[in-house]
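I opened my notebook to record what I looked up in this structure, going from single residues to the whole chain.

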2 protein chains.
Amino acid sequence: MLLTLPGLIDPHVHMREPGQTHKEDWRSGTAAALAGGFTCVLAMPNTRPPLVDIPSLEAAEDCARKKALCDYGLFIGAGADNLETAAPLAPKTAGLKMYLDRTFGPLQLKNKAAITAHMANWPAAKPIVVHAEGRKIAMAIQIAARLKRSLHIAHVSRKEEILLIKAAKEKGLAVTCEVTPHHLFLTKEDIPRIGPGRSEVRPRLAEKSDQAALWENLAVIDCFATDHAPHTKAEKDGEDPPPGFPGLETALPLLLGAVHEGRLTMEDLLQRMHDNPKRIFSLPEQLVTMIQVDVDARWTVRGEYLKTQCAWTPFEGMSLRGRVIQVDLRGTTVYEAPDVIVEPGFGRNISTGSLAPDPVKPIPM
Amino acid sequence: MLLTLPGLIDPHVHMREPGQTHKEDWRSGTAAALAGGFTCVLAMPNTRPPLVDIPSLEAAEDCARKKALCDYGLFIGAGADNLETAAPLAPKTAGLKMYLDRTFGPLQLKNKAAITAHMANWPAAKPIVVHAEGRKIAMAIQIAARLKRSLHIAHVSRKEEILLIKAAKEKGLAVTCEVTPHHLFLTKEDIPRIGPGRSEVRPRLAEKSDQAALWENLAVIDCFATDHAPHTKAEKDGEDPPPGFPGLETALPLLLGAVHEGRLTMEDLLQRMHDNPKRIFSLPEQLVTMIQVDVDARWTVRGEYLKTQCAWTPFEGMSLRGRVIQVDLRGTTVYEAPDVIVEPGFGRNISTGSLAPDPVKPIPM
């Protein structure tokens, strides 16, 4: 059955450009987004150089403007060196990203005073997303609560974390969170199948009990976010494999599978892949934007056929249900499976561009 | 896969009460509606007595108010005797029904002057529905056009008719129309299977070419309407079988089957079973109203298991896809397959009642 759904929003992707276009670039990454049904992606700032100031924001925006196939936003990273200078850039960004734990790239805030300063300076109306694990989530929530500001917790993966966020929500704190499809559908038990290097990801794949806790606390999960984080096969299979999975092209089929199984309703899915990210990140309406999905189509995931440049997936060989057939973005058909049919540069920055459909050009008489 | 859809609206049903409760009554008819996913039905006036004046309107409203399980509206019939007296009753009705062709019951307007008088007197803001076949459609459209008023053509069944309506729409006339599932899914060729008496229906089952023309002109069809018109098996199998099919419980599965086959999109379906009837008949929003449908469920139609009192169907033995699992009406769960779980009288008249959810009663301390 074909269903028309709103364009999906992924609030957490890594486009790798500028600086690491051997892994992904704005064209290949947003092609993967369209193939996965996403018409808007919010990109993380751990590029090379990291997006932390005006020159690096302009460099990233320059790449995105020229190559993006879908709409996008850019997070600015919270560093020790931009405590005062990040906030004035807020209007041009999708939000502030704070890394309290170590992951791929050099951005990490270790200092509680720096975390507090960033949260205090950043405008209340713009989101702050935090990569924090375990007890550091509690610390981040505590600081945000003291400053009476909202906070979005990225890629929650463990039982203690989701329960902590549940408790914070029950207290009435303005905390939201996202969970990745890979933490919903994979656990440590999948590591032998995926391979030791390829299964490196932050937060790490967790226990069955963690996975179960995420499903049991679905009501606490505001968004599904892929944390699409491509690295090459050579990097993943080499020494010191970098953490990260590609995820844009498998997210919707994985979650539609759960809808087929009755573990999720279509409304649960659309709330977390459209409504809530749109609200939490104050995204403008993408007018005349929709995706057509064959919700029944069965297909086997093969990394080599994916649009992400990294051409591998932790879900290799899995049989999934649901394929995106067509994507219309702002009145233009931009994807007809399996082809992107729009030129790089069609995507617009949600912070600075208009998302109205292109005006129909008058026919010259 | 379970989908949550808006409550469906059927703008054309026959509840048979008052007067012919051996065929159907407001309880059994609206139970069939809920089982079919309809939360609002508009009932035709060819009851016994026909609904044509204040006493007959009050008698019908009395039955509906006591027994209806879903929301409803009542059409008033246009007769030769209520040219002046029908219009003042408009606010209490769903619209005016004009029979220009003979069908079940005594209501029929043969006189062009009477048709014109009814159309001229009836308020512009309230719909007029006409049962007209063939060239009588052209006449009705012509009169309405001259009076610059809107007109809704009931159960269009033939190629010449749909093309005529298409032409009227292309001229910019305020004409809308409905088609029944039985004319979309059955033709004369099905008569031997259904049986001669049981296949009696007005308009009659048509040729394959008529059926094809309806599908080819889907864009011209504003609504799918069941024309649910139950008669007992004994009546249908006896001498002089009355025309009419029950249809409330098979409409959605038949049309979902077409969605599965790709002949229809889900949007096509929802436009014609919710959006357009709501707009054309100016129906108020049924707040917190939705149906849950297992769009994949396969089942075989058996008249004896239907909720319509007549307990037969022209689709007997057909394998259909799609079952209504739950219906929520104005904040209350009223149907959990296969049971209606609300008391008769829950339904409200869309012309006179409030369709807001019932206020939550405070818990006594």
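**Aromatic pairs and overall build**

I began with two residues of this predicted model, and I found that Phe245(A) and Trp312(A) are both buried.

I then counted aromatic pairs and noted eight of them over all chains. One of these joins Phe185(A) and Trp215(A) edge-to-face, with 5.6 Å from centre to centre and 85° between the planes. I located Phe185(A) in helix α6 (residues 181-185) and Trp215(A) in helix α8 (residues 208-216), 30 residues apart, and I noted that this pair links distant parts of the chain. Is Phe185(A) buried or exposed? Its relative accessibility is 18%, so Phe185(A) counts as buried, the cut-off being under 20%. Trp215(A) is buried too, with a relative accessible area of 15%.

I went back to Phe245(A) and Trp312(A), which also form an edge-to-face pair, at 6.1 Å centre to centre and with 85° between the planes. Phe245(A) lies in the loop between α9 (233-237) and α10 (251-260), whereas Trp312(A) lies in the loop between β10 (290-300) and β11 (319-329), 67 residues apart.

Next I turned to chain A as a whole, where I listed eleven helices and 13 strands. I noted that 59% of its 365 residues count as buried. Among contacts between residues at least 6 apart in sequence, 75% join residues at least 24 apart. Finally I checked the radius of gyration: a compact globule with 365 residues would have one near 21 Å, and the 19 Å of chain A agrees with that.

Terms used. Residues are numbered from 1 along each chain as its sequence is written. Chains are lettered from A and ligands numbered from 1 in the order in which they are written. This is a predicted model: local features need pLDDT of at least 70, side-chain atom pairs count only at pLDDT 80 or more; totals for chains, interfaces and linings use all residues. Side-chain values use heavy atoms; hydrogens and water are left out. Helices (H or I, at least four residues) and strands (E, at least two) are DSSP runs, numbered from the N terminus. The radius of gyration is taken over C-alpha atoms; the globule rule is 2.2 Å times the number of residues to the power 0.38. Buried means under 20% relative accessible area, exposed over 50%, partly exposed in between (1.4 Å probe, protein chains only). Contact means heavy atoms within 4.5 Å. Rings of Phe, Tyr and Trp (its six-membered ring) pair if their centres lie within 6.5 Å; planes under 30 degrees apart count as stacked, over 60 as edge-to-face and the rest as tilted.
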